[in-house]
Amino acid sequence: MPLIEFRNVNKWFGDFHVLKNINESVEKGEVLVICGPSGSGKSTLVRCINRLEDINQGEILINGRTITGKDQNLNELRAEIGIVFQQFNLYPHLSVLRNITLAPVKVKKISKEEAEKTALRLLDRVGIGNQAHKYPIELSGGQQQRVAIARALAMKPQIMLFDEPTSALDPEMINEVLSVMKDLAREGMTMLCVTHEMGFAREVADRIIFMDHGEILERGTPTHFFTSPEHERTKAFLREIL
Amino acid sequence: MHYSFNWALIFSDEYGRWFLEGLSITLQLSGLSIILALVLGTMLTTMRLSRIKPLVWFAVSYIEFFRNTPLVVQIFFWYFGSDPILPDFFKHWLYQQNIEFAIGVIALSTYTAAFIAEELRSGILSIPKTQLEASRATGLTFLQAMGYVILPQAFRIVVPPLISQFLNLIKNSSLAMTIGVMELTYMARQVEAHTFHGFEAFTVATLMYLSLSLLVSLGINQYNRRCLRVSR
């Protein structure tokens, strides 16, 4: 049984058909990279999994159970799924440590001491253990994004979603974030990454899907994707980006 | 007619004490009303932004109603007119209090809450939507996200307009004298009636209001500057 499954998913923003009949599944521990031109629906696809966006048709299942029903408890669902955004979205009025412990303490009711221990361990893991008491504004973009990853991991999620996590970063900071993501992939986290980092995709992805105009045009292993893509649109995209 | 100033009389034991008593009531009246107005204003804003139709509707009508009628009329309404519509247990509780003071607090806080709600709403709307999204995405409920993430940021943004609401409330508290609350203006009036030294009496009251307002705005600004230094 796949961990995540899309069944005939359709979504519209008004008249704009943003997801067209999506069928896809992700196994536990799999790293799926989603690429495509902007406006192709790849962010929307990822954001439907934790219901930041709602779909109009079809269903999405996690562990075989539908999560797109009306009676789905959103807070329970979201506590299981970490997401990292393009713009970090750290809380500017809270210290790095409090950014990370807020949800574990308030949602999972973990004690403050326990949550702080976990937070410090996670900060060490993403390489900024000494920044716990600073405020987000005092950190570089790359450091802020690593805090955002630690914040998501603190909930011990089953699935991590990355929505263009390096697109807002200066070039010299991209690698520090990617290396944290690579570690995570190696440790067996199930990851869906929307990204333009083709080097990362080639190295880490188990599978890559290519989207355009709300459709999945191409799917396959990195080798297939980079050496023998079938679709003309994919070839054009790869020529542009590589 | 010759007017001879007599400041010593105003600061004599008896009248000096009247002023201090009046000032103390003004402080209690304003302090309590500010706290209640903040709580009520925050609740109204949260309702207004909740997307739950009946709550939004309630908050909008409340705000429009209280902002657009004169405070004195509201005070008189609470004092002379509210009897038929208040529930019994509330009336019972009210009559055990110092009723003039209690009505003063109710009128000032319900009135000011409408303004505070609007200031807060503009503060909340200036916080990027992604903050709400990021906090909801970790599993926080709407109320938790508001309480821990959105409101603390919004409050800091709206400190300057909030200060002016606080100062308005302090000045408006003088209207409570119309229903016999023995606050500063009421006491100044008493001193004037006893001494016929209106110039001195109201000069003292004026200076007391002025220094109170300046202290409040200075204090809050100082506090806010300290907060801003660490987090933005």
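**Salt bridges and the A–B interface**

Good morning. I begin with a pair inside chain A: Glu53(A) forms a salt bridge with Lys11(A), and their closest N and O atoms are 4.0 Å apart. The term salt bridge here denotes a side-chain nitrogen of Lys or Arg within 4 Å of a carboxyl oxygen of Asp or Glu. This pair links distant parts of the chain, 42 residues apart: Glu53(A) is in the loop between helix 1 (42-49) and strand 4 (57-62) of chain A, and Lys11(A) is in strand 1 (residues 4-13) of chain A. Helices (H or I, at least four residues) and strands (E, at least two) are DSSP runs, numbered from the N terminus. Both Glu53(A) and Lys11(A) are buried; buried means under 20% relative accessible area, exposed over 50%, and partly exposed in between, with a 1.4 Å probe and protein chains only.

A word on the basis of these values. The model is predicted, so local features need pLDDT of at least 70 and side-chain atom pairs count only at pLDDT 80 or more, while totals for chains, interfaces and linings use all residues. Residues are numbered from 1 along each chain as its sequence is written, chains are lettered from A and ligands numbered from 1 in the order in which they are written, and side-chain values use heavy atoms, with hydrogens and water left out.

By the salt-bridge rule, the count over all chains comes to 24. Between chain B and chain A the count is one salt bridge.

Two further pairs lie within chain A. Arg219(A) forms a salt bridge with Glu24(A), the closest N and O atoms being 2.7 Å apart. Arg219(A) lies in strand 10 (residues 215-220) and Glu24(A) in strand 2 (residues 16-26) of chain A, so the pair ties together parts that are 195 residues apart in sequence. Glu24(A) is buried because its relative accessible area is 8%, whereas Arg219(A), at 40%, is partly exposed. Glu116(A) forms a salt bridge with Lys112(A), at 3.7 Å between the closest N and O atoms. Because these two are four residues apart in helix 4 (residues 112-125) of chain A, about one helical turn separates them.

I turn to the interface. Contact, meaning heavy atoms within 4.5 Å, involves 20 residues of chain B and 24 residues of chain A. Together the two chains bury about 1,900 Å², 58% of it on carbon and sulfur atoms. Buried area is the accessible area (1.4 Å probe) that two parts lose on being put together, summed over both.

Finally, helix 8 of chain B. This helix bends by about 45 degrees at Ile150(B), and Pro152(B) follows within four residues. The bend is the angle between axes fitted to the seven residues ending there and the seven starting there. Among the buried residues of helix 8 of chain B are Met146(B), Val149(B), Ile150(B) and Leu151(B). What covers the buried residues of this helix includes helix 3 (96-106) of chain A, together with helix 2 (13-48), helix 6 (99-125) and helix 7 of chain B. Thank you.
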